[in-house]
Amino acid sequence: MAIEGITETGQYLTFMLDEETYAIDIRQVREVLDFTEVTRVPRMPEFMRGVINLRGGVVPVVDLRLKFGMAATEKTVDTCIIIMEVIIDGNTALLGALADSVQEVLDLEPDQIEPAPKIGTRLRTDFIRGMGKKNEDFIILLDIDRVFSAEELEGVQETERQPAPGLETSETLL
Amino acid sequence: MDVQRQAFKEEAYELLAELETSLLELEETPDDMEQIGRVFRAMHTIKGSGAMFGFEDIADFTHNVETVFDQVRGGSIRVTRELVNLTLSARDHIKDLLDEGGGADEIKANGIIVSLRNLLVQDDADEEAEAEALPEIVHAEPAVPGPVVTCRIRFRPAPDIFASGTNPLLLLNELREMGECSVTAHTEDIPPLKDLDPEACYIFWDIILTTSHGTNAIKDVFIFVLDDCELTIDIVDDGERVVDGAHPDRLGEILVRRGDLSDKHLQKALESQDRLGEILIKEKTASRAAVVSALAEQEQVKKRIAQRKETAVSTSIRVPADKLDQLVDLVGELVTVQARLSEKAATETDADLVAIAEEVEMLTGGLRDNAMSIRMLQIGTTFSNFKRLVRDLSGELGKKIELTTTGGDTELDKTVIERLKDPLVHIIRNSIDHGIESPDVRKAAGKPETGTIHLKAQHSGANVLIEISDNGKGIDAEVIRQKATEKGIIPIDADLSEREVLNLIFSPGFSTASKVTDLSGRGVGMDVVKNSIEALRGSIELVSRKGEGTTITLKLPLTLAIIDGLLVTIGGDYFVLPLASVDECVELPRNRDEKRNGRNILNVRGEIVPFIRLRKEYGIQVDRPELEHVVIMETNGKRVGFVVDHVIGGHQTVIKNLGSAFKKARDISGATILGDGTVALIIDVNKILDF
């Protein structure tokens, strides 16, 4: 049973997050980097890990595990940053996503992809484009534009604003 | 073709801007012949080049205005307010025509034309007839679609060309219609009569044609005979050669280029010929001294022409803005790489490398300043745009307002100027609408009837200050306070200085206008202005005295792409503070800090300075060092300290956007890449205090 919008053989990059295989459309992948130091941006949701220097450009990095409600990504030799092109607010932007490890590029025929199940996955069904089947394993095909839509990035789970006691104190004193 | 139309448009926009300025000045000094001449020339140029590049509608319309100003120039029409008004609206219409390429309001245009014609001197019947007739003449002028070039065409038909029914003379006639044309027939190949085949063609032609239709059109003429002839088309003059100083090719050169004469033969012929000066001396018609002096004069003039050409070239060139943006981007990258090189060199012992790194640093600095200065524009042009705004709006409201400016030559980054325009319009509209009183109110208050709005620009370190002041009724701090409490912006018992109260008008949702007028008070308040100024990394402040006037000061950075920053670290993370607002750095030893009982104030030479712990603000968990540092910055007129771990020093900061993913990070204005590749975040000091 094929799903709408997928009519041709597609190529997907598969990667692991917490023992499960995920995949995104290869056309949205710019490159895969080894894990490098990420500079945190203060007051941002936890899953927004920060920014990295990509050959002189500044690219935001997102922790997919945190975004999907798993424990934060631990740094191992296999940890990668997948640089992809996403459309935010109608503009194409570069975005890095942390992955435990990157697997392979996979060809999937339309009949190998099934609609996302309504229940039984850990993530919100609207993030899932479909379920790919390879041998007996399932691969979760992500709708990456939706995962990183402007609303999602702004963060429902925004960190609490920390008060600035410094100023409050000083103002009463001045 | 499109490039030229574009160039025409750009030129026309410039001329229109000039026209507006001239007209406004003309209104004040109606007898200024120089300004009248300027208006006439601007109209004339727009008409002329408009027709040349196929903007007939513009040319036709402009012609009417030109006719009127021709008479003004001749002294038969006087400059009146009505004329200036009409010409200004005509100018607006031309601008509409340029903008939309023909979709402008025609009824309005006809209205303007009719009013203009009415202005023309009526008693002269011929003149009127001419005014009627002239537009048709303009129509009859051929629309010249391309540059005028002169071509040399050699057309050598095959001997059997008549067999295909072609009449070469018809082709030549067709060429004649395309422009100025001279035809030379080469008859040297015609054989003696006994050998002549009457059905063969022995003649070939050289045609020199000056046309604007381009070589393709010429080829089209010969399209049906291309297989039966030899056709060469050479452009001998592309219409762009500088006329002054350059002379057309000499006879010998032309012959050689055409292949009719070999270079060797030409040289020989030239050598056998004496120079004019020598002939004259030989014939004793001129003395040797006279010839020598004439030659010297010639040499001198040649040199001068060459010099003049050089200066003419160096005055200015037109470059698309995006090329400049690219250049600045590249320079930004270069600055980053250079910082890396310097850092690397500092850790090496190789003296040569250090020397090279220093040289590169120097050159990069020069290159950066240069690239930035290319993007700098004078703010004066923007100022003069407002003259029109003030004139029109004050007329509508029945107020008398004069706009004066100083510091129009102050230079600012192109982007800053562009994005400054809307906020300035807003502020000036506010001044006109709410600031300046109507003439009778002013008179009653003992002020001159004409109000003044003054625009002033000046440099102040790495910033530019723009002041918009009026001598109107000022702002009543009490009214502002009441409004603010009513709207819940401040609590009733808020203890605010008068200045703080006045600056409340920049708060969101604050609009003092009790009635909505055409000009302002539509609820789009000053907070929009404040936001756009802050988006430019600038700040805004308002000072007002009731009954005396209001002054709004904008403080803007010179450039948006690169700033001087102060690099600091907190728990291993790097941050950049804008150096322009850093006052000083002081130490904060831990033992002294602990005695403070958690109060965040500092005694700097007897002055109390509040401070903020960035570590706490940003939730950085790493342990504090024994000795912390406080960077004291001046923001909004207050001194505030920011506690950091270490102060590293000044850093040339190339600003990179964090992108839409971090739109919410309001207190981080961007990021920059350090010499070792680490990303440092640039802190927006004003925004931190808002949190």
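Q: Which residue is the bridge partner of Tyr22(A) in strand 11 of chain A?
A: Ile140(A) is the bridge partner of Tyr22(A). The model is predicted: local features need pLDDT of at least 70 and side-chain atom pairs 80 or more, while totals for chains, interfaces and linings use all residues. Residues are numbered from 1 along each chain as its sequence is written, with chains lettered from A and ligands numbered from 1 in the order in which they are written.

Q: How do you know that strand 2 and strand 11 of chain A pair?
A: Pairing requires at least two bridges found by DSSP. Strand 2 (residues 20-25) and strand 11 (residues 137-142) are joined by 2 bridges and run parallel, so they meet the criterion. Strands here are DSSP runs of E, at least two residues long, and helices are runs of H or I, at least four, numbered from the N terminus.

Q: Why is helix 16 of chain B called roughly antiparallel to helix 20 of chain B?
A: The helices pack at about 155°, with axes 10 Å apart. Angles run from 0 to 180 degrees between N-to-C directions of lines fitted to C-alpha atoms over the stretch in contact. Over 145 degrees counts as roughly antiparallel (under 35 roughly parallel, 65 to 115 roughly perpendicular, the rest oblique), so the pair is roughly antiparallel.

Q: What makes Asn135(A) and Arg605(B) buried or exposed?
A: A residue with 20 or more other C-beta atoms within 10 Å of its own is buried, with 12 or fewer exposed, and in between partly exposed; C-beta atoms are placed from the backbone. Asn135(A) has 4, so it is exposed; Arg605(B) has 7, so it is exposed.
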